[in-house]
Amino acid sequence: MTATVSVTIDSPRGPRSTTVAYERKGSGEPLLLLHGIGHHLQAWHPVTDILAAEHDVIAVDLPGFGLSEPLPEGVPYDLGTVAPVLGALCAALGVERPHVAGNSLGGLLALEMGRSGLVRSITALSPAGFWTPGERRYAFAALLAMRAGARALPGPALERLSRSAAGRAALTGSIYARPGRRSPEAVVAETLALRGATGFEQTLAAGGSVRFTHDVPGLPVTIAWGSRDRLLLRRQGVRAKQTVPGARLVRLPGCGHVPMHDDPALVARVILDTTRNTTT
């Protein structure tokens, strides 16, 4: 069941607050799950039960996505704001230095949280921020096209498309290697999440100049990339490994940009291999 918690944000106008939505289940060391731009915490549902067998799993709707409120007016959606918001969320939930796994934007945020000393291990699945300018323009154009399609598509047409494998591929083929396996209900829900994401444009704008250039020493880090990622091409994983030389670089055969749905067992194993390697 989704719950919410209010967190305080430091801003040029003084302390502000926003409400963050999350789901929590399981027991053990805490594990924070962060989705990508335009998605919602349900992106993690295929792996949540597996991870909850070993961890206190907290899946989060990032600010301005899913059921989380947008950031207050004038507060930027950049790494320097959102990573501390996630740290404040953990503090509000009584969690200290969780493990963190993130996909795409969530992977970039996971790395930033690690650089800031907020977490104990990192699993980044196709993290943003390791692109060339041309690769970034390509990814942003694809995301904007998905957003425009989601906003323009009438509800009845969305329902009809979701009922066929070809329709599900048209709606989500940019991020999944096997979109036909997605349920119609899930495809409708994530398309509506993309349509209603109040933080989408601000997040994309903040990412226009982002490139992650820092090492994350002293933490177990895994960077994993789907072999069929059509949004952030897998050669970016090599750059990520060069930036974070101590990281383990893992290939996810047959997986797309959001690999949790393409191969839940493999993704869960990669995350658990990372969390089990923690000694801090």
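Which residues in α6 meet which residues in α7? Hi everyone, let's start there. Keep in mind that this is a predicted model.

On the α6 side we have Arg168, Leu171 and Thr172, and they meet Pro184, Val187 and Glu190 in α7. By type, the residues of this contact divide into three nonpolar, one polar and two charged.

Now the geometry. Two packed helices are described by the angle between their axes and the distance between the axes. Helix α6 covers residues 165–172 and helix α7 covers residues 184–195. Their axes come within 11 Å, with a crossing of roughly 25°. Angles under 35 degrees count as roughly parallel, so α6 is roughly parallel to α7. For those of you who like handedness, the crossing of α6 and α7 is left-handed.

On to the empty space. Rolling a probe the size of a water molecule over the atoms shows where empty space is left. Here, the largest pocket has a volume of about 300 Å³. Its lining has 21 residues, and the closest to the pocket centre are Met146, Leu171, Ile175, Glu190 and Leu194.

Helix α4 spans 133–152, and α4, α6 and α7 each supply at least two residues of the lining.

Technical notes
Residues are numbered from 1 along each chain as its sequence is written. This is a predicted model: local features need pLDDT of at least 70, side-chain atom pairs count only at pLDDT 80 or more; totals for chains, interfaces and linings use all residues. Side-chain values use heavy atoms; hydrogens and water are left out. Axes are lines fitted to C-alpha atoms, for helices over the stretch in contact, and angles run from 0 to 180 degrees between N-to-C directions. Helices (H or I, at least four residues) and strands (E, at least two) are DSSP runs, numbered from the N terminus. Angles under 35 degrees count as roughly parallel, over 145 as roughly antiparallel, 65 to 115 as roughly perpendicular and the rest as oblique. A crossing is left-handed if the near helix is turned anticlockwise from the far one by less than a right angle, and right-handed if clockwise. Contact means heavy atoms within 4.5 Å. Ala, Val, Leu, Ile, Met, Phe, Trp, Tyr, Cys and Pro count as nonpolar, Asp, Glu, Lys and Arg as charged, and the others, Gly among them, as polar. On a 1 Å grid over the protein atoms alone, a cavity is a set of points where a 1.4 Å probe fits but cannot get out, and a pocket is an open set with protein on both sides within 12 Å along at least five of seven lines; lining residues have an atom within 4 Å of a point. Grid points are joined across faces, edges and corners, and a volume is the space filled by probe spheres set on the points.
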